[in-house]
Amino acid sequence: MYTDRLREMRYTSPSGQEFTLLFDALTRTGGKKAPVSEFPGQDQGAVQDLGELTIVFPVTCYISGPEYDLESDRFWNALAESGEATLDHPRWGILTVLPSTRKQTEEFVNGAMRAVFTIDFIRTDQTQFEFPKVTGVADDQIISDTNEAAVAIADTLEGAETENPREKAGIKDRITGALSMVSGAINKVTGLTDTARSQITGAINEVTREIDTLVASPALLLEAMTSLYRLPAREEIDIDAKIRAYREIYTSLVDGIVNTTIQYGEIFGLVTTGQIGAVAIAAAEATTAGDIETREQAGQIIDDLSSLYADITGSIEDVESAGSFSAGYDAQAAVDQAVSRALGNLVDRAFSLPTERILTLDKDVTSIQLAYELYGDLNNIDRLINFNNFQDTYLLLLQRGTEVRWYV
């Protein structure tokens, strides 16, 4: 019987996360690349057979159950990972795919406790997929590294449960404080869109609502906190400002960390070290979005990220020593890979950037006149104003003695 040959539908993301998906119907689409050339006075055009179109597997699947919301969010994030994925298709075998489009729908009257996903999986093969990987930009590699590190961090507590009431209370207090600090630190970052702020607030509220459930399952807690820390990273705003915000979050997380680890035990220590590891990969990911205009800016970002990561690794070692446990080799190696990749990319970018110059004005001059004197035209006036953050009266007249930064 054909039913004996049907299999479960399973999706394995590029980072190795696995999901079992429910389905009602299956579809695949394909066809011929067959351009038609029409000629004057001819009733029949010339048809060329240029081979097969790439096969697409449209899938409507769903995740259901009391914890459907957490699992569906995890699935949504896994679909966004960069790289090739594997789809164990119930009818057409094990496929290497790329999820090109996705839509999630949830009903709260009929069909409650269920998330329905509509996804187009494009079939790839190893040869085709290697091309964009080889020529892909370093930012994509950094994001891929941070995805893998996020999974490795959560895996350090896979299967662990918090049952001791005292330990639960300690973790809950630490997470509550972290949520407050994240909100405060991120609010200081200028340039965030209203959409980004809304997403961050929504993530904080979600963790707050589910805090008791998450504390009881530390792996899910780490997954939720890691997702929260990474939310501002890909915003197209000042990179160094983002890293300074992560420095502030880290400082709050490690306050009294050694003594509290001794007090509450290993799981508490793993939750905390996992969080500061998540801060490290978020800071690394922050380098992939935002402009760097000069070598000096790149150098400052390199110094700040290096310093932050050195402090993070030192704190992890202190907690391991105090709690007599290991934070997990795989997670630490994955975090180190992500940060090292980000630092290497920053160094490469710095070589192609212009050098910053500093000029102290010896006379009063308008910003328009100065732009023309420095660049020989007015094409860079907005860049000059933004780079120096000229405001108010400085937009009209720059006074003698004003320090101006520019670059060529």
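I took helices (H or I, at least four residues) and strands (E, at least two) as DSSP runs, numbered from the N terminus. I note that this is a predicted model, in which local features need pLDDT of at least 70 and side-chain atom pairs count only at pLDDT 80 or more, while totals for chains, interfaces and linings use all residues. Residues are numbered from 1 along each chain as its sequence is written, and side-chain values use heavy atoms, with hydrogens and water left out.

**Entry: Val97**

I looked up Val97 and found it in strand S7, residues 93–106. Val97 has a relative accessible area of 0% and is therefore buried, where buried means under 20% relative accessible area, exposed over 50% and partly exposed in between, with a 1.4 Å probe and protein chains only. Setting aside neighbours within four places in sequence, I list Tyr11, Glu84, Ala85, Thr86, Leu87, Phe121, Ile122, Arg123 and Thr124 as the residues in contact with Val97 (heavy atoms within 4.5 Å). I also checked Ala286, which is 189 residues from Val97 along the chain, and the C-alpha atoms of the two are separated by 28 Å.

**Entry: the aromatic rings**

I found 5 aromatic pairs in the structure; rings of Phe, Tyr and Trp (its six-membered ring) pair if their centres lie within 6.5 Å, and planes under 30 degrees apart count as stacked, over 60 as edge-to-face and the rest as tilted. Tyr11 and Phe75 make an edge-to-face pair, 5.8 Å centre to centre with 80° between the planes. Because Tyr11 lies in strand S1 (residues 9–12) and Phe75 in helix H2, this pair ties together parts that are 64 residues apart in sequence. Both Tyr11 and Phe75 are buried. Tyr11 also pairs with Phe121, this time tilted, at 5.6 Å centre to centre and 35° between the planes. That pair links distant parts of the chain, since Phe121 sits in strand S8 (residues 114–123), 110 residues from Tyr11 in S1. I read 1% relative accessibility for Tyr11 and 0% for Phe121, which is buried. One aromatic cluster takes in Tyr11, Phe19, Phe75, Phe117 and Phe121.

Gly299 and Val347 are 48 residues apart in sequence and 7.9 Å apart in space, C-alpha to C-alpha. Helix H13 (residues 329–351) has 23 residues and reaches 33 Å from its first C-alpha to its last, close to the 33 Å expected at 1.5 Å a residue, the expected span being 1.5 Å times one less than the number of residues. Among the buried residues of H13 are Ala331, Val335, Leu343 and Asn345, and the buried residues of H13 pack against helix H4 (138–155), helix H11 (266–286) and H12.

**Entry: the largest pocket**

I then turned to the largest pocket, which is lined by 46 residues, with Asp73, Arg74, Asn77, Glu223 and Ser227 nearest its centre. On a 1 Å grid over the protein atoms alone, a pocket is an open set of points where a 1.4 Å probe fits, with protein on both sides within 12 Å along at least five of seven lines, and lining residues have an atom within 4 Å of a point. H2 gives the most to this lining of the largest pocket, with 9 residues.
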